[in-house]
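Have the viewer open and follow along.

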Amino acid sequence: MFPVFGLISFRNMSAESTGPENGSDFEDDADFAGRKKEICGLNAEEQDKKYYPCIGDVRRALQEGEDDVRTIRVPEFRKRYAPFFKEHPDVRRIDDKTYIMGGKIKSIRKAGRGSYFLDIVQDYAKVQLMAHHKAMALDKEEFVRQHAQLRPGDQCVCIGNPAATRVGELSLRLTKPIRLVAPALHPLPPKLTDTALINRNRVVDYLVNARARRVILARAAIVSALRRFLDERSFIEVSTPVIGAGNSGANATPFVTSSVHLRQKNNESRLEKLSLRVAPELWLKRLVIGGFDKIYEIGAVYRNEGVDATHNPEFTTCEFYQTYTSLDELMTLTEQLFRYICGALVGGGSEYADLCRPQCAALLAAMAQAGGRFRRLDFVGALEAQAGVALPHTLTQDNLIKYYGKLGLKVPEIASAPQLLDNLSAVYLEPLCKELPTFIYNMPEALSPLAKSAGAGAAAGAVSRRFELYIGGKEVVNAYEEENNPFKQRRKFAAELRNRDKFRDAESILPDYRYTQFMEWGMPPTAGWGIGVDRLAMLLTGSDRIESVLTFGRLPDVLKQ
């Protein structure tokens, strides 16, 4: 049989830390510090035997002398027996059903010397344990000796019968003493509100702050809903390389690295230059050319850029591609997807439903206000209406700088045509997207080097078959019909390279001419779509800062943990 708890009373022992770690943000009280000191004084074998036993050994010990014992998790126990005791209020317990259950002790309430009530938590669900000396065939002194050292935060395993209290609360009526499988060695702070302290101690934050935990659960539900939405429409999920010899597919600066096992072809003394992907786009479109008509990927991308409230160098995106799909069809699919995700988040009574309900309701109400859709703004027409001055017919750098002069706008430090146009959008169009979710579509060709474009003879030149979805004034989705003409794609790559060389525009896309060679095998008309999962999670959980939806915060926070 396993010893259940150390028999020493910890309350009068020194609070001096005895572990190898120093510099903790939290102070232990004497009770927990004494417990830690007592365990540190044991050898590894004794520690495991008394405090960290194998789960299988504990279960076998608890089952000794019992018939037909089953292991059950807390949510399943609640689902199975909560309705039964509600329908049969006269039944107090079911003696012919015996279960082993485990979880973290959330609270302990004594009811005299021979009776405890404890709440344990597992899989985000809670259940009450009823511990009474008579049910365990123990006298009161032995019962206290076996259980006095229990603390909130302890991980434990127990055995008993389904039961209900007089007020109908579902419980497990214990028939043997509780077994400890991992003791808590630090007391939890009553709350954690200091941002700097939280960002150094995300583990403690999740233990203390229910909202922090619910945000991560909601994020997981969002990713699951994205995946279900696409799977139900016969998309297949794929994985594409994260490390490559070049990096393109987005206007971003890559992280550069190398492998000690890969050498340059023409110089064996030098390592091959590698980079982390800034987007999976060109890999995914290679698969489209290879015959995969409906594909998606959910994964991390890496951009060697700044850190702020809405940006982190490592973040998660979802991209999907579907052949023979127009921009209008892509807009409709986007609207369907948001309705689907909102329904998934607020349905089923999940722990995070109340957290997401206000944002989901507001989004659906805003769509209803626009006729059940997202509002649409044509880039050129809306910009000219807001600025009061027509755009030049040819959107060259010189013409755009003159346009800035007419408007009295300061020219950005990097004055390439794409950067000038992007700044005009930020000044005149994005503020229009704060009240209602809005598609800004038909951007000038210069802003979209990978998108299909047409209408070179139209006002303000050629436009791309592209849209960006803004919600609350922030970009959430970027999507377009893909350029499938390899000759035009090469010319667009060359223009991006000129911008990088002439204007030092580091956000210009790096050319991938190998990709254009694959395009020559015949790339079907294709629509591509991408969303920042972190930003979507921020939106639907009502989080103001990106670190709230990242399990361990932004990169500077990760380095502190």
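D123 sits in the loop between β3 (115–122) and β4 (125–132); helices here are DSSP runs of H or I with at least four residues, strands are runs of E with at least two, and both are numbered from the N terminus. The phi of D123 is near 55°, which is positive in a residue other than glycine. Most residues other than glycine have a negative phi. D123 counts as partly exposed because its relative accessibility is 38%, where buried means under 20% relative accessible area, exposed over 50%, and partly exposed in between, with a 1.4 Å probe and protein chains only.

A quick word on provenance. This is a predicted model, in which local features need pLDDT of at least 70 and side-chain atom pairs count only at pLDDT 80 or more, while totals for chains, interfaces and linings use all residues. Residues are numbered from 1 along each chain as its sequence is written, and side-chain values use heavy atoms, with hydrogens and water left out.

Move on to the loop between β4 and α5 (140–147), and you'll find A137. A137 also isn't a glycine, yet its phi is positive at about 55°. With a relative accessible area of 71%, A137 is exposed.

Now for some helix packing. Two packed helices are described by the angle between their axes and the distance between the axes. For α8 and α10, the axes come within 9 Å and cross at roughly 135°; axes are lines fitted to C-alpha atoms, for helices over the stretch in contact, and angles run from 0 to 180 degrees between N-to-C directions. That makes α8 oblique to α10, since angles under 35 degrees count as roughly parallel, over 145 as roughly antiparallel, 65 to 115 as roughly perpendicular and the rest as oblique. On the α8 side, the residues that meet α10 include A218, A221 and I222, and their partners in α10 include L333, Q336 and L337.

Helix α11 (residues 353–369) has 17 residues and reaches 23 Å from its first C-alpha to its last, close to the expected 24 Å, that expectation being 1.5 Å times one less than the number of residues. Its buried residues include L355, C356 and L363. What do the buried residues of α11 pack against? The answer is α8 (210–231), α10 (327–346), β18 (466–471) and α17. Just after α11, G371 takes a positive phi of about 80°.

At 1% relative accessibility, T541 counts as buried. Its side chain reaches the backbone oxygen of A537 at 2.6 Å. The T541 side chain also makes a polar contact with the side chain of S543 at 2.8 Å; that term covers a pair of N or O atoms within 3.5 Å where, within protein, one must be able to donate a hydrogen and the other to accept it, and residues adjacent in sequence count only if both atoms are side-chain atoms. Beyond its neighbours within four places in sequence, T541 is in contact (heavy atoms within 4.5 Å) with residues including R211, A218, L355 and C356.

Strand β18 brings us to E468, which is buried with a relative accessible area of 10%. A polar contact of 2.7 Å joins the side chains of E468 and R466.

Zooming out, the protein chain has 18 helices and 20 strands. Of its 561 residues, 48% count as buried.
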